[in-house]
Amino acid sequence: MSEKKGIAILGSTGSIGTQALEVLEAYPNYFDLQVITANRNADLLIEQALKHKPNSVVIVDKDSYKKVKDALWSEDIHVYGGEEALSQVVESIEVHTVLTALVGYAGLKPTIAAINAKKEIALANKETLVVAGELITSLAKEKGVNIYPVDSEHSAIFQCIVGEFHNQIEKIYLTASGGPFRGFSQEELLKVSKEQALKHPNWSMGAKITIDSATLMNKGLEVIEAKWLFNLKPEQIDVIVHPQSIVHSIVQFEDGSMKAQMGLPDMKLPIQFALTYPDRFKTDFPRFNFMDYPELTFEQPNREVFKNLDLAFYAMENAGTTACVLNATNEIAVDAFLNDKISFSEISMLNNDVVKAAKIITKPVYEDYVSADYTARQSALKLIQ
Ligand code: NDP
Ligand code: MG
């Protein structure tokens, strides 16, 4: 095995994936890119492979396999196709850390495979912990695998507790920008367009998480993600809207002291910290200037208007497969919204209807998550028709 840290990036063609490649490129003596993967974007995957020379690439969409294979035939790069390959490539002995930067439920299986293969996890794919947090965290514990958060809020919490692992967390505050519709009334939300919803004020991200940010589902998913990452009870997690996105989250310890992690919004920093922990590597990222932000403000989220947030707390408290159901219906709802089949306000209505009607399995094993996900998707699709 090489001296460098072998990295697999699942979802290298996405927002997190492309930024992760920039991070790796900046430290060629430290990182060794082993694996990159895409769902359908063969052109970008090929471009990335030719530039970064990984050991293996995976294109999930089997129809695009030949295109990728043909384009890379003269390179010393293994090309695989299909979903199963994602779980196989992470097992390579050369892979030290798997960055899960794919979106949605699709992250669950390869993450389980990576943990089983005792790979460290840099977790961007929050849906995996939402769907099966109990299974993932207990498997990671059993295999002695660390899960390093990439999500900016969770990276912030993690950065605040480094050196404090022996101290109890009393409470955490996850900060939220509030999204493009902060301050909107229920009536105003009825009229918002897809284009408006896709315009996040502070971050440029993939379509799914951008819509989730606008509905506050993203913050709800992050609450559940935080519960599992930091072993917290629901009452220890609070959400505070901070429109400037400078304070990335806050930990309150048992002596009342609060620590916050701050910086300009740039996902490359949490990506990098997850891959270099416990070290911090020097960067040339733009630095924060107080004069550009004379005011940092905080306010309560409007839970009456943005109902997804309370729904996530409900799912967390109801436990079992509830959050898995919520995630599945939300994936269907966001997709339907992006395809002009339902309105923005109908996303949270659909989520609520499916979650409240679902039959919940209390002590789920892997197969229960698979069937809960499937059933919830079917219920959501039926309601949309
Ligand atoms: P993108 O939509 O930009 O990228 C998703 C990546 O996953 C692409 O490489 C895509 O391939 C691949 N992919 C999509 N569907 C599948 C599938 N079914 N099977 C295999 N691969 C698939 O998403 P983001 O980068 O924005 O987000 C990735 C994850 O990181 C999400 O879980 C998100 O919540 C989380 N996250 C993202 C942040 C951000 O700033 N973007 C911030 C914090 C968390 P293709 O290009 O071929 O479609
Ligand atoms: Mg986040």
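Which residues do ring pairs link into a cluster? Here are some friendly notes on that and a few other places.

Residues are numbered from 1 along each chain as its sequence is written, chains are lettered from A and ligands numbered from 1 in the order in which they are written, and side-chain values use heavy atoms, with hydrogens and water left out. Please keep in mind that this is a predicted model, where local features need pLDDT of at least 70, side-chain atom pairs count only at pLDDT 80 or more, and totals for chains, interfaces and linings use all residues.

1. **The ring cluster.** The residues linked by ring pairs are Y148, F158, F165, F273 and Y277. Rings of Phe, Tyr and Trp (its six-membered ring) pair if their centres lie within 6.5 Å; planes under 30 degrees apart count as stacked, over 60 as edge-to-face and the rest as tilted. The structure holds 15 aromatic pairs.

2. **An edge-to-face pair.** Y30 and F281 form an aromatic pair of the edge-to-face kind, with 4.7 Å from centre to centre and 75° between the planes. Y30 is in the loop between α1 (15-26) and β2 (31-38), and F281 is in the loop between α12 (268-276) and α13 (308-318), so the pair ties together parts that are 251 residues apart in sequence. Helices (H or I, at least four residues) and strands (E, at least two) are DSSP runs, numbered from the N terminus. Y30 is partly exposed at 24% relative accessible area, and F281 is partly exposed at 22%. For these words, buried means under 20% relative accessible area, exposed over 50%, and partly exposed in between (1.4 Å probe, protein chains only).

3. **Charges over rings.** F273, a member of the cluster, has R280 over its face, at 4.6 Å from the ring centre. K356 lies over the face of Y314, at 4.9 Å from the ring centre. A charge sits over a ring if NZ of Lys or CZ of Arg is within 6 Å of the ring centre and within 35 degrees of the ring normal.

4. **A cis peptide.** Y277, also in the cluster, is joined to P278 by a cis peptide bond with omega of about 10°. P278 is placed in the loop between α12 and α13.

5. **The magnesium ion.** Which residues are the protein donors of the magnesium ion (ligand 2)? They are D151 (OD), E153 (OE) and E222 (OE), lying 2.1 to 2.2 Å from the ion. Donors are N, O and S atoms within 2.8 Å of the metal (3.2 Å for Na, K and Ca); water is not among the atoms, so sites may look incomplete. The spacing of the donor residues in sequence is D-x1-E-x68-E. E153 belongs to helix α7 (residues 152-161) and E222 to helix α11 (residues 217-230), so the pair ties together parts that are 69 residues apart in sequence. Both E153 and E222 are buried.

6. **Around ligand 1.** Of the 25 residues around ligand 1, those that come nearest are T13, R40, N41, E127 and G206; a residue is near a molecule if one of its heavy atoms lies within 4 Å of it. At least two residues of this shell come from each of α1 and α6 (126-143). Oxygen atoms of ligand 1 also meet the backbone: a polar backbone atom of S15 is 2.9 Å from one, a backbone N or O atom of N39 lies 2.9 Å from one, and a polar backbone atom of A124 is 3.4 Å from one. Taken alone, ligand 1 exposes 890 Å², and the protein buries 85% of that. Accessible areas come from the Shrake-Rupley method with a 1.4 Å probe; for residues, only the protein chains shown count as cover.

7. **Positive phi values.** S245 is a residue other than glycine with a positive phi, near 50°. S245 sits in the loop between β9 (237-241) and β10 (247-253) and counts as buried at 7% relative accessibility. D340 is not a glycine either, and has a positive phi of about 60°. D340 is placed in the loop between α14 (322-338) and α15 (344-357) and is exposed, with a relative accessible area of 58%.

8. **Two spans.** E295, in the loop between α12 and α13, is exposed at 58% relative accessible area. Q378 lies in helix α16 (residues 366-384) and counts as partly exposed at 36% relative accessibility. Q378 and G206 are 24 Å apart in space, C-alpha to C-alpha, and 172 residues apart in sequence.

Conventions:
Polar contact = N/O pair within 3.5 Å; in protein donor to acceptor, adjacent residues only side chain to side chain.
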